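Here's a quick tour of one model for you.

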Amino acid sequence: MDVSDSSPSLLLLIPAFNEELRIEPVLREYAQYFQDHYQGPFQLVVILNGCVDNTIEVVRRVALDFKTISALEFPGRIGKGGALIEGLKLAPLADLIGYVDADGATSPKAYHDLVKAMSRADCVVGSRWIRGAILHQSQSNKRQFASRVFHSIVQTLFWMNIRDTQCGAKVIRRHAVEKIHSSLRIADMAFDINLLYALKRAGFKVLEVPTEWTDKLGSKVVLGKTSMSMLLSAVRLRLVYSPFHRLLRPLRPIETWIYRKLNAPPPRARNEATLPLPPGATSSAR
C-alpha cells in the first residue's frame with residue numbers, strides 16, 4: 001500500500017496523565033489539521049491514565065467540536081506504556097495506528113510527514129538525533145547527556161541501530177501491531193523499546209526519519225526516578241529474551257516493589273496485554 005498516493009485510515013493515540021492545562025490546543029490543532037489535510041478516515045483517541053485533574057472534561061469539550069476525537073479513561077495509574085498497550089488494542093479499527101505525546105512537541109504537520117513515509121516501512125519512527133531533524137528548543141545539557149547514555153545502553157543490549165527510540169511520535173501498520181501486541185509488557189516510559197524490539201524480532205521493517213520537535217515545559221520526566229525505572233525495564237526486557245527469563249518469575253514481588261518505590265508502573269503480566277480492548281475501560285466517544 002502506497003500511502004503517498006492513497007489515504008489509509010489513521011488512528012492516533014495520545015496518552016495523557018493530568019494534562020488539563022496543555023492538551024486542549026494540541027487536540028484542536030491535530031483535529032483541525034487532519035480534517036483539512038488528510039483525505040482518509042482519521043480518529044484521535046486520548047487514553048487517560050489515572051488522571052486526577054480535569055483532563056477528561058477538556059477532552060469532552062473539544063470532542064463537541066470535532067467528532068473525530070474520543071477518549072478511553074483508566075482510573076488507575078497504568079503508566080504511559082500501559083496506556084499505549086491499551087490504546088493499541090484498537091488497531092483493528094484502522095489501517096495505520098500511531099501515537100504522539102500530549103504536550104504537542106510534535107506538530108501535526110511533522111506527524112503527517114511520518115504517515116507519508118509509511119510507504120517504505122511497517123513502522124516509522126520520528127527521530128530528533130539524525131541528520132535533517134529540527135529542534136526548536138533543544139533540551140538541557142543534562143537531559144541530552146542522560147538521553148545519549150540511555151541510547152548507548154539500549155544499543156548495547158538490543159542492537160536495533162535506532163538513534164532515537166524514545167521520540168514520542170510513531171506510526172505502525174495494523175497487521176504489525178496485531179502480530180506483536182501480546183509481547184508488549186513494559187508499562188513505563190521504556191515502552192518504546194519493548195515495541196520496537198518486538199517489531200524487529202518479528203521481522204517488520206522499522207524506518208527512522210528526521211522530525212521537527214519543540215521541547216515543551218511541564219515534562220512528566222523526572223530524571224532520577226524515571227531514568228532508573230527505564231533502565232530497570234530495559235534490563236528486564238533483555239532478560240525476557242534470554243535463557244534466564246524464567247528467573248524473573250520468582251523475583252516478581254521484589255521487582256514490583258522496586259517499581260513502586262520509583263513511582264513507576266511495573267511490567268504487565270502476559271494476560272494483561274492482549275487484544276481486544278477490555279470492558280473495564282470507560283469510553284467517552286462522541
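## A strand residue and a loop residue

Let's start with leucine 48, which sits in strand S2 (residues 42–49); helices (H or I, at least four residues) and strands (E, at least two) are DSSP runs, numbered from the N terminus. Leucine 48 has a relative accessible area of 0%, so it is buried. On this scale, buried means under 20% relative accessible area, exposed means over 50%, and partly exposed is in between, with a 1.4 Å probe and protein chains only. From leucine 48 to alanine 83 the C-alpha distance is 7.3 Å, though the two are 35 residues apart in sequence.

Tyrosine 38 belongs to the loop between H1 and S2. With 8% relative accessibility, tyrosine 38 counts as buried. Its C-alpha lies 9.6 Å from that of serine 9, and the pair is 29 residues apart in sequence.

## Ground rules

This is a predicted model, where local features need pLDDT of at least 70 and side-chain atom pairs count only at pLDDT 80 or more, while totals for chains, interfaces and linings use all residues. Residues are numbered from 1 along each chain as its sequence is written, and side-chain values use heavy atoms, with hydrogens and water left out.

## Salt bridges

Side chains of opposite charge can pair when their charged atoms come close. The rule here asks for a side-chain nitrogen of Lys or Arg within 4 Å of a carboxyl oxygen of Asp or Glu, and by this rule the count comes to 14 salt bridges. How far apart are the closest N and O atoms of arginine 28 and glutamate 24? They are 3.1 Å apart. These two residues are four apart in helix H1, so about one helical turn separates them.

Arginine 28 also has a salt bridge to aspartate 65, at 3.0 Å from N to O. Arginine 28 is in helix H1 and aspartate 65 in helix H2 (residues 55–65), so this pair ties together parts that are 37 residues apart in sequence.

Lysine 170 and aspartate 192 make another salt bridge, with 2.8 Å from N to O. Since lysine 170 lies in strand S7 and aspartate 192 in helix H7 (residues 191–201), the pair links parts that are 22 residues apart in sequence. Buried or exposed? Both lysine 170 and aspartate 192 are buried. Elsewhere, salt bridges that share partners join Glu24, Arg28, Arg61 and Asp65 into one network.

## Two asparagines with positive phi

Most residues other than glycine have a negative phi. Asparagine 18 has a positive phi of about 50° although it is not a glycine. You'll find asparagine 18 in the loop between strand S1 (10–16) and helix H1 (23–37), and it is partly exposed with a relative accessible area of 23%.

Asparagine 161 also has a positive phi, near 60°. Its place is the loop between helix H5 (141–158) and strand S7 (169–173). At 58% relative accessibility, asparagine 161 is exposed.

## A nonpolar patch

Val235, Leu239, Phe244 and Leu247 make a nonpolar surface patch of about 350 Å². Patch residues have over 30% relative accessible area and no salt bridge, with like charges joined within 9 Å and nonpolar side chains (Val, Leu, Ile, Met, Phe, Trp, Tyr) within 5 Å. The areas come from the Shrake-Rupley method with a 1.4 Å probe, and for residues only the protein chains shown count as cover.

Leucine 239 lies in helix H8 (residues 223–240) and is partly exposed, at 31% relative accessible area. Valine 235 is in helix H8 too, partly exposed at 38% relative accessibility.
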